[in-house]
Amino acid sequence: MTRFRAALLAPALVLTVCTATAAAANRFDGSWSVIATAESGGCTGPYSYPIVIRDGNVDDAGDNGVDASGRAGADGRITGTIRKGLASVSVSGRLRGSAGTGRWTLSGLGACAGRWTARRTS
């Protein structure tokens with residue numbers, strides 16, 4: 001009988017956990033403006049580009065030839081990749097409220113690294 005009850009309750013528990021996780025991640029949904037500055041290597045800058053977060057998923061929001069992808073967690077931690085042509089940039093950091101900060105690294109073609117800041121625009 002205990003196994004039967006557990007089998008009936010398991011889907012409800014999974015649905016509750018998934019719903020809570022999705023709702024928490026959504027608090028960072030919206031449009032963001034990101035400015036990246038170089039600190040080392042041969043990169044120039046600053047670089048500016050818009051992103052959008054939908055259901056915790058990061059995507060580029062502009063028509064600037066940049067492909068941004070990644071994830072904003074419920075706790076504000078953000079990880080992702082920005083690609084333009086052959087360049088691939090790894091991004092990590094944290095969002096808090098309507099702002100964020102973090103680091104980025106370009107490896108391969110003229111390696112360089114720096115910091116980024118973001119602010120919510122909607």
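**Pocket and salt bridges**

User: Which strand gives the largest share of the lining of the largest pocket?

Analyst: Strand 6 does, with four residues. Strands are DSSP runs of E, at least two residues long, numbered from the N terminus. This is a predicted model, where local features need pLDDT of at least 70, side-chain atom pairs count only at pLDDT 80 or more, and totals for chains, interfaces and linings use all residues. Residues are numbered from 1 along each chain as its sequence is written, and side-chain values use heavy atoms, with hydrogens and water left out.

User: What makes a space a pocket?

Analyst: On a 1 Å grid over the protein atoms alone, a pocket is an open set of points with protein on both sides within 12 Å along at least five of seven lines. Lining residues have an atom within 4 Å of a point. Here the largest pocket is lined by 18 residues, and Y47, Y49, I82, K84 and V89 lie nearest its centre. Its lining holds 13 nonpolar, three polar and two charged residues. Asp, Glu, Lys and Arg count as charged; Ala, Val, Leu, Ile, Met, Phe, Trp, Tyr, Cys and Pro as nonpolar; the others, Gly among them, as polar.

User: Why is T81 called buried?

Analyst: Buried means under 20% relative accessible area, exposed over 50%, and partly exposed in between (1.4 Å probe, protein chains only). T81 has 19%, so T81 counts as buried. T81 sits in strand 5. Beyond its neighbours within four places in sequence, T81 touches D67, A68, S69, S88 and V89 (contact: heavy atoms within 4.5 Å).

User: How do you know that R103 and E39 form a salt bridge?

Analyst: The rule asks for a side-chain nitrogen of Lys or Arg within 4 Å of a carboxyl oxygen of Asp or Glu. For R103 and E39 the N to O distance is 3.0 Å, so the pair qualifies. R103 is in strand 7 and E39 in strand 1 (residues 30-41), so the bridge ties together parts 64 residues apart in sequence.

User: What is the N to O distance between E39 and R115?

Analyst: It is 3.4 Å, and the two side chains meet in a salt bridge. This pair links distant parts of the chain, with E39 in strand 1 and R115 in strand 8, 76 residues apart.

Notes. 1 Å grid on protein atoms, 1.4 Å probe; cavity = no way out; pocket = protein on both sides within 12 Å on 5 of 7 lines; lining within 4 Å.
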